[in-house]
Amino acid sequence: MKYLPVIGLEIHVELKTQSGMFCHCKINQWQAKPNEHVCPICLGLPGALPVPNKKAIEWIIKIGKALNCHINKNSKFDRKHYSYPDLPKGYQISQYDEPIAVNGFILIKTKSGDKKFRIHRVHLEEDTGKLIHVGEDTLVDFNRSGTPLVEIVTEADFDSSEDVKVFLEELHTIIRYLDVSDADMDKGSMRMEPNISLRVQSLKSKVESLKKEEIELPNYKVEVKNINSFRFVKQAIDYEIVRQQELLDRGETPKQETRGFDEKKVETYSQRSKEEAHDYRYFPEPDIPPLEFSDSYIASIVVPELPTQKMKKFIEIGIKEQDAFILSREIEIAVYFEDIIKKISAILNKDQLLNSPQFVANLLINKKLSISLSKDEFVKKAHDLMIPKETDSLLLESVIGRILNTNKGVVEQYKSGKTNAVMFLVGLVMKEMKGKADAKVVIEELKKRISVTN
Ligand code: ZN
Ligand code: MN
C-alpha cells in the first residue's frame, strides 16, 4: 500500500457507581421506565447545584494509574457547550485543559511483537440522555443523563485495525479487572470512536527514524462516532482506509468530518463536516470548586494486579502462553486459578507438583471442572483426576480376558488397522473394573494382550 494509516481512539466508559456524577439519582437502571431516575440536577433545572461523586473521582484515578498515566494533582471541571435535545443544560460538565490523568500507555502483545500505545488523556464527564426515535417523533429519556463517564483518548499511534482491536480488547479487560464498570458494549457502557487518516507511505522510511511524537500528522482527520463492538471498529477502520485511499489516488484530500457506521452495510457515512464544527466555548464550571489531590490520597488508591501481570505469572509457573492468556482475561477466573494452585500445591508431592499447574489449567479451559465449584471441592476433584488409580492387576487380567473373548469382532477391527476400536474395549473394561483401574494401564494391557492373541 502507498499509504500508511494513522489511527487514534476515543473511548467512553460509563462507571458503575451507585449514584450519578453530580446528583443522587440511581444510575445504570436498565429495567427502569423512561425518566424514572431523574432529579433537578441531572435535568439541568435552574438553580440546581452539582456535587461531584467522590467514588467516580477515585475510580478515574484508579483507571489512570492502571493505564500508566500521570495523575494531575490539580484538576477542574469545565462546561462544554452545545445544543442537542439529549443535553438538558445546553452544556455538558466535562474537563478541558486540566484532565485528571495524562500521558499513559498500554503495552500489548500483537502479531508483530510487543507494542506500546500511548494514552493522551483520561478525563471525567457526565453522560447525556438518550434519544429514542418512534415514527415521526423523537422521545428523550434522561435516565442515563448524569451517569459518570470516563473518556480515554489515545495518541494516533495505530497503523492497523488489527492492532486497534487487540488494544481495545486489552483496555476492556483492564477496565473489568478494576471493577469500575461493566464495560458492557451491548448496553452502551463502553463506546468507541476511531479517527482515521492516511499518510503517504513514501515518507515511511523517514518516519521510522523519527520518534512517534515527532511525526507530522496528515492535514485531515475522519472520526467515526459511537461504535459498540470491537468487530465494528475494525470494519469501520478498514472501510475508511479503502475509501480515503481512493480519494487520495484521485488527487483529492478526504474531507475532515464526523461519520457514522452502518453495521448492516458495513460502511461509514457522512454525518457532519468541518464547516459546522462546534465551538464548545469551554469555561471553568463555576459551581464546582477546583479539585486538589494530595500525594497520600493518590497513593491510597490501589490498582490490583492487571491481566498482563497475571499472564506473566502463569507462564512462569509453567502454563502455556495461549492458556495463560485465556486464564488471565477475567479476574474471577485468574484469582480462582491462583487459589487452586496454592491449595493443591499443599497436598502434592514434588513430582506431582511439576505438572499440576498446567493440569489444573486444562481442567478449567476444557471446562471439565468449573469455577462454580467451591475451591475445596475443585481441589478434591482435581486431585482425584491427577493421581493415577491403583490398578487391581489380578482382576484386570480376568476382565480383559473375558472382554476380548466376547468382543472378537472389535478385536479384528483393531487388528485390521482401526486403532480407535481399542477405546471401545477400554470403556467396557473400565466399566467392569468399577473404578479400580487407571485408564492408561488398561489401554497398555489391552494392546499387549491383543498383540499376543491370534
Ligand atoms: Zn439526578
Ligand atoms: Mn466525551
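At what angle do the axes of helix 2 and helix 6 cross? In this predicted model, the axes of helix 2 (residues 161-178) and helix 6 (residues 307-316) cross at roughly 95° and come within 9 Å. Angles of 65 to 115 degrees count as roughly perpendicular, so helix 2 is roughly perpendicular to helix 6. Helix 2 contributes Glu170, Thr173, Ile174 and Tyr177 to the contact. Helix 6 contributes Pro307, Thr308 and Lys310. By class, the contact of helix 2 with helix 6 holds 3 nonpolar, 2 polar and 2 charged residues.

Helix 2 also packs against helix 1 (residues 54-66). Here the axes cross at roughly 135° and come within 10 Å. That angle makes helix 1 oblique to helix 2. The crossing of the two helices is right-handed. Lys62, Ile63 and Ala66 of helix 1 meet Ile174, Ile175 and Leu178 of helix 2. This contact comprises 5 nonpolar residues, no polar residues and 1 charged residue. Ile174 of helix 2 takes part in the contact with helix 1 and in the contact with helix 6.

A further helix pair involves helix 8 (residues 331-345) and helix 10 (residues 375-386). Their axes lie 10 Å apart, at an angle of about 60°. Helix 8 is therefore oblique to helix 10. The crossing of helix 8 and helix 10 is right-handed. On the helix 8 side, the contact is formed by Tyr336, Asp339, Ile340, Lys343 and Ile344. On the helix 10 side, the partners are Lys375, Asp376, Phe378, Val379, Ala382, His383 and Met386. The contact of helix 8 with helix 10 has 7 nonpolar, 1 polar and 4 charged residues.

The model also contains metal sites. The zinc ion (ligand 1) is coordinated through the SG atoms of Cys23, Cys25, Cys39 and Cys42. Angles among the 4 donor atoms run from 102 to 115°, and the site is tetrahedral. The zinc donor residues follow the spacing C-x1-C-x13-C-x2-C in sequence.

Glu125 belongs to strand 7 (residues 113-126), and Glu151 belongs to strand 10 (residues 148-154). The two glutamates are 26 residues apart, and the pair links distant parts of the chain.

Conventions: Residues numbered from 1 in each chain as written. Chains lettered and ligands numbered in written order. Predicted model: local features only at pLDDT ≥ 70, side-chain atom pairs only at ≥ 80, totals over all residues. Heavy atoms only, no water. Axes fitted to C-alpha atoms, helices over the stretch in contact; angles between N-to-C directions. Helix = DSSP H or I, 4+ residues; strand = E, 2+ residues; numbered from the N terminus. Parallel < 35°, antiparallel > 145°, perpendicular 65-115°, else oblique. Left-handed = near helix turned anticlockwise from the far one by under 90°. Contact = heavy atoms within 4.5 Å. Nonpolar A, V, L, I, M, F, W, Y, C, P; charged D, E, K, R; others polar. Donors = N, O, S within 2.8 Å, 3.2 Å for Na, K, Ca; no water. Tetrahedral: all angles 85-135°; square planar, octahedral: opposite > 155°, others 65-115°.
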